[in-house]
Amino acid sequence: MIWRELACRAEMAEPSFERPLRKAYGWICNHGTSVGRLALALPYLWCITFFAWRGWAAHEPAITTWDVLYHTGGRMLQFISGHAYVEEQTLKAICAAPPALHFLCTIAAVLSPFFLFLMALALRLKFRMSI
């Protein structure tokens with residue numbers, strides 16, 4: 001019932017900032033009922049980021065696959081992040097990466113907590129107990 005109400009509100013919203021926001025919410029997680037879309041979106045986002053960085057790091061001798069894995073995973077899950085354990089030459093090589101790769105990591109860093117939040121909302125709706 002809630003899903004249908006939210007879908008109707010998205011269609012009936014006045015042409016303003018609210019309408020595209022409601023439509024995006026419906027597209028991303030089916031108005032809070034789809035956990036699967038978000039559960040698939042996070043690994044896809046990570047894979048795109050990982051393979052883009054890995055393609056660039058193939059030409060950099062200072063960066064290994066583990067460094068790329070740590071860097072991209074740390075951007076998406078902030079509790080993994082921490083450059084205290086990364087060697088200085090690796091950190092300098094990461095900083096010298098093209099701006100497009102840094103932009104891609106920034107997009108992943110912004111979207112992943114948002115997707116996790118929407119996933120938590122969908123799980124809350126699925127497991128809500130009615131009294």
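You are looking at a predicted model, and over the chain the pLDDT averages 79, with 80% of the residues scoring at least 70.

**Stop 1: the rings of helix α3**

Keep helix α3 on screen and show its aromatic side chains. The structure holds four aromatic pairs. One of them is tryptophan 46 with phenylalanine 50, a stacked pair with 5.1 Å centre to centre and 20° between the planes. Both residues belong to helix α3 and sit four residues apart, about one turn of the helix.

Phenylalanine 50, with a relative accessible area of 9%, is buried.

**Stop 2: two tryptophans, another geometry**

Next, select tryptophan 53 and tryptophan 56. What is the angle between their ring planes? The planes stand at 90° and the centres are 5.7 Å apart, so this pair is edge-to-face. Both tryptophans lie in helix α3, three residues apart, about one turn of the helix. Tryptophan 53 counts as buried at 2% relative accessibility, and tryptophan 56 counts as buried too, at 15%.

**Stop 3: threonine 49**

Stay in helix α3 and pick threonine 49. With a relative accessible area of 1%, threonine 49 is buried. To see what surrounds it, hide the neighbours within four places in sequence. Which residues does threonine 49 then contact? Show Thr72, Leu104, Cys105 and Ala108, which are in contact with threonine 49 once those sequence neighbours are left aside.

**Stop 4**

Leucine 123 counts as partly exposed, because its relative accessibility is 34%. How far apart are leucine 123 and glycine 32 in space? The C-alpha to C-alpha distance is 8.3 Å, although 91 residues separate leucine 123 from glycine 32 in sequence.

Terms used: Residues are numbered from 1 along each chain as its sequence is written. Side-chain values use heavy atoms; hydrogens and water are left out. Buried means under 20% relative accessible area, exposed over 50%, partly exposed in between (1.4 Å probe, protein chains only). pLDDT is the predictor's confidence in each residue, from 0 to 100. Rings of Phe, Tyr and Trp (its six-membered ring) pair if their centres lie within 6.5 Å; planes under 30 degrees apart count as stacked, over 60 as edge-to-face and the rest as tilted. Helices (H or I, at least four residues) and strands (E, at least two) are DSSP runs, numbered from the N terminus. Contact means heavy atoms within 4.5 Å.
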